[in-house]
Amino acid sequence: MSKNIYENATTKLSRTRSLFLRGWKRLGKILSTIAVNLFLFVLFAWAVYPLIWQFLTSFRTNVDLFANPWGLPTSFSLGNYVKVWNASPLPRYFLNSLIVSATSTVFILLFSSMAAYAFARLKFPGSTILLMFLLSLYFVPPHIALIPLLVMLKRLGLVDTYFALILPYIAFAIPFSTILIRSFILGLPQELIDAALVDGCSKIRLFFSIVLPVIRPILAVVLVVQFVTCWNEYLFALVFLHSREVKTLPVGLLDFVGEYFTDWVATAAGLTLATIPVLIVYLVFRNQIISGMTAGAIKG
Amino acid sequence: MTNVNQSGPVRSTGRRLWDRPHVVLLFLLPAVIMSVMFIAYPAASSAYYSLFEWQGLGGSRQFVGLDNWHRLVEDPIIWVCVWHNIVLVITAVFFQVPAAFVIAFLVARAFVIGRSGYRVAYFLPVILTVSVVGVLWTWIYHPQFGILNEALRGTGLDELALPWLGSSKTALPAVIVVMLWRFTGFYIVLFMAAIARVPEDIYDAATVDGANLWQLGARIVAPMLWQVILVAVTIAVVSSIKRFDLAYIMTAGGPVHATELLATYLFKVGILSFNMGYGSAIATFLFLLTLALVMIQFRGMGSQQISEF
């Protein structure tokens with residue numbers, strides 16, 4: 001009897017204890033989930049707020065801004081944009097960046113996919129060594145080539161022309177792009193290419209009419225990644241170009257900032273104008289850009 | 001008869017030029033020529049130029065042997081730069097990459113609202129034009145009108161409202177914060193892609209065994225993704241040594257070399273002061289330092305990898 005009561009009491013106690021513990025655990029789980037979400041949201045705000053602030057500032061006046069840097073625009077005016085677009089060489093820098101990036105990207109795509117096809121589909125003496133050589137060039141920092149490239153471009157009479165950027169941009173993009181496209185071709189079913197060969201297709205035609213259409217997905221990735229990389233490149237543009245007529249946006253933008261030194265709101269409009277194309281390309285092609293920029297690392 | 005016999009080979013040689021397998025070797029030519037001419041050759045020239053005293057593009061070139069390398073070893077600024085670059089490496093390897101892994105794991109596996117939005121937002125700073133980033137953060141740090149000091153003053157922390165980029169004590173940390181802002185998203189997204197490739201049943205099995213989120217991340221996922229972590233660390237080391245843009249745009253290496261890096265010093269010496277021989281020595285040194293660090297890191301992490309499994 002007494003034993004029974006005792007047992008009853010202990011089971012009851014352990015049941016309440018386990019219920020209490022389970023509740024406690026659940027509370028802890030909820031709290032930690034809230035903490036995690038809060039933490040990630042703070043990081044989110046940290047990542048995007050500077051850009052939002054720049055955007056808001058571009059609609060304000062300097063007097064208003066310096067009185068309260070954190071404030072919101074009190075009135076909505078495109079005046080800063082009109083001023084910057086009409087009075088500064090920013091449109092010219094835009095055009096230059098577009099010409100340089102587009103030309104470079106076209107040749108990067110062509111040369112890299114040609115080389116990638118040869119590496120993927122052909123065994124020839126020294127092919128592995130050549131591939132390793134190309135791979136090792138991927139790790140050469142542009143800084144080490146900077147001074148000799150300047151000397152070479154000067155001798156060729158190319159300094160201060162679009163070619164001074166286009167040629168090195170193509171070259172420095174080739175190793176990475178070739179490796180990326182090659183691994184994509186290796187993943188294709190061999191029958192696809194064999195069938196075309198049986199039909200008596202020549203190698204050259206095979207490449208342009210069969211291979212290029214099939215590798216379009218990876219070409220899209222290379223295209224957006226290299227376009228954005230060329231658009232943003234700073235070091236070569238700083239060293240190889242001097243005059244306003246050819247300067248690209250990253251360097252031109254800083255000249256512009258230097259000129260409008262005290263006019264923060266006009267500068268913010270200029271910075272926003274420079275950001276918009278990149279932002280649009282990023283939001284539209286975000287999956288290609290992200291997978292392209294991280295693919296090399298994951299395939300390793 | 002003979003005509004018929006000949007016509008076969010003749011016709012086939014006409015086709016053979018485009019049909020021979022090795023015509024595809026021609027496909028390699030543009031890529032190989034471009035990369036040898038504009039990467040390999042200039043990179044090798046740098047080592048050669050470092051043996052000359054050479055002032056300016058038009059100036060005369062004079063062979064001086066290892067004089068530039070002597071000068072490099074005895075130049076105190078070089079060692080200041082090396083120290084700053086090492087600080088960048090340490091921050092990236094021991095803080096940025098681990099933090100990115102934790103963040104990526106939380107976004108991927110914890111109960112998170114707005115997962116895909118976080119991925120896009122965290123990566124955003126990576127693709128912005130560097131001059132925009134540099135100018136924007138120079139404003140944020142502005143002693144008088146910057147939103148950082150404005151916020152500090154607004155919350156009563158007046159004595160913390162420092163001239164962030166203007167003082168040699170705070171300039172380097174301030175620049176490093178911007179580098180973290182700009183590049184951490186890259187590693188987060190890299191790790192998210194890798195974590196997504198871990199098979200779902202591994203998580204299920206671990207959860208059944210009663211593992212919580214932290215144990216799951218630290219004991220199961222991190223060891224599984226050791227290869228990717230190794231690659232991320234390599235990228236972090238290599239890019240920390242060649243950092244140039246942000247430091248040059250925000251502080252130009254100042255005040256008084258407080259944020260001077262090997263790449264900014266190389267630019268000042270070789271391009272701005274036209275000292276191309278010595279500049280080439282610094283460039284070659286930068287490259288050798290990168291190689292050495294990558295090798296050390298591969299040795300260290302390679303052996304650890306073996307003991308993990």
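Is A:Leu249 buried or exposed, and how many other C-beta atoms lie within 10 Å? I started my notes there, keeping in mind that this is a predicted model.

**Entry 1: A:Leu249**

I counted 30 other C-beta atoms within 10 Å of A:Leu249, so A:Leu249 is buried. I placed A:Leu249 in helix α12 of chain A, which covers residues 249–259. Next I listed its contacts, setting aside residues up to four places away in sequence. A:Leu249 touches A:Tyr93, A:Phe94, A:Ser97 and A:Ala274 in chain A, and B:Thr129 in chain B. I also checked the distance to A:Ile170.

**Entry 2: chain A as a whole**

I looked up the secondary structure of chain A and found 14 helices and 0 strands. The radius of gyration of chain A is 29 Å, whereas the globule rule gives 19 Å for 300 residues. Chain A is therefore more spread out than a compact globule. I then took the box along the principal axes. The C-alpha atoms of chain A fill roughly 105 × 70 × 35 Å. Of the 300 residues in chain A, 42% are buried. I also sorted the contacts in chain A between residues at least 6 apart in sequence. Of these, 80% join residues at least 24 apart.

**Entry 3: domains of chain A**

Chain A is divided into domain 1, residues 2–57, and domain 2, residues 89–299. I found their C-alpha centres 48 Å apart. The contact between them takes 4 residues from domain 1 of chain A and 6 residues from domain 2 of chain A. On the domain 1 side I noted 2 nonpolar residues, 2 polar residues and no charged ones.

**Entry 4: where the chains meet**

**Entry 5: the largest nonpolar core**

The largest nonpolar core has 171 residues. I looked for the members that touch the most other members. Among them are A:Ile170 and A:Phe240 from chain A, and B:Phe191, B:Ile282 and B:Leu286 from chain B. Helix α8 of chain B, residues 171–196, gives the most to this core, with 17 residues. I followed up B:Leu286, leaving aside neighbours within four places in sequence. In chain A, B:Leu286 is in contact with A:Pro141, A:His143 and A:Ile144. Its contacts in chain B include B:Ile241, B:Leu262 and B:Leu266.

**Entry 6: a helix and a loop in chain B**

I checked helix α9 of chain B, residues 200–208. Helix α9 is hardly covered, with 0 buried residues among its 9. After α9(B) comes B:Gly210, whose phi is positive, near 90°.

Which residues other than glycine have positive phi? I noted B:Val256, with phi near 45°, and B:His257, with phi near 60°. B:Val256 is in the loop between α12 (245–251) and α13 (262–272) of chain B. B:His257 is also in the loop between α12 and α13 of chain B. Why does B:Val256 count as exposed? B:Val256 has 10 C-beta neighbours inside 10 Å, and the cut-off for exposed is 12 or fewer. B:His257 has 18 such neighbours, so B:His257 counts as partly exposed.

Definitions and conventions:
Residues are numbered from 1 along each chain as its sequence is written. Chains are lettered from A and ligands numbered from 1 in the order in which they are written. This is a predicted model: local features need pLDDT of at least 70, side-chain atom pairs count only at pLDDT 80 or more; totals for chains, interfaces and linings use all residues. A nonpolar core is a set of buried Ala, Val, Leu, Ile, Met, Phe, Trp, Tyr and Cys residues joined through C-beta atoms within 7 Å. A residue is buried if 20 or more other C-beta atoms lie within 10 Å of its own, exposed if 12 or fewer, and partly exposed in between; C-beta atoms are placed from the backbone. Helices (H or I, at least four residues) and strands (E, at least two) are DSSP runs, numbered from the N terminus. Two residues are in contact if their C-beta atoms, placed from the backbone, lie within 7 Å. The radius of gyration is taken over C-alpha atoms; the globule rule is 2.2 Å times the number of residues to the power 0.38. Domain bounds come from an automatic or database domain assignment. Ala, Val, Leu, Ile, Met, Phe, Trp, Tyr, Cys and Pro count as nonpolar, Asp, Glu, Lys and Arg as charged, and the others, Gly among them, as polar.
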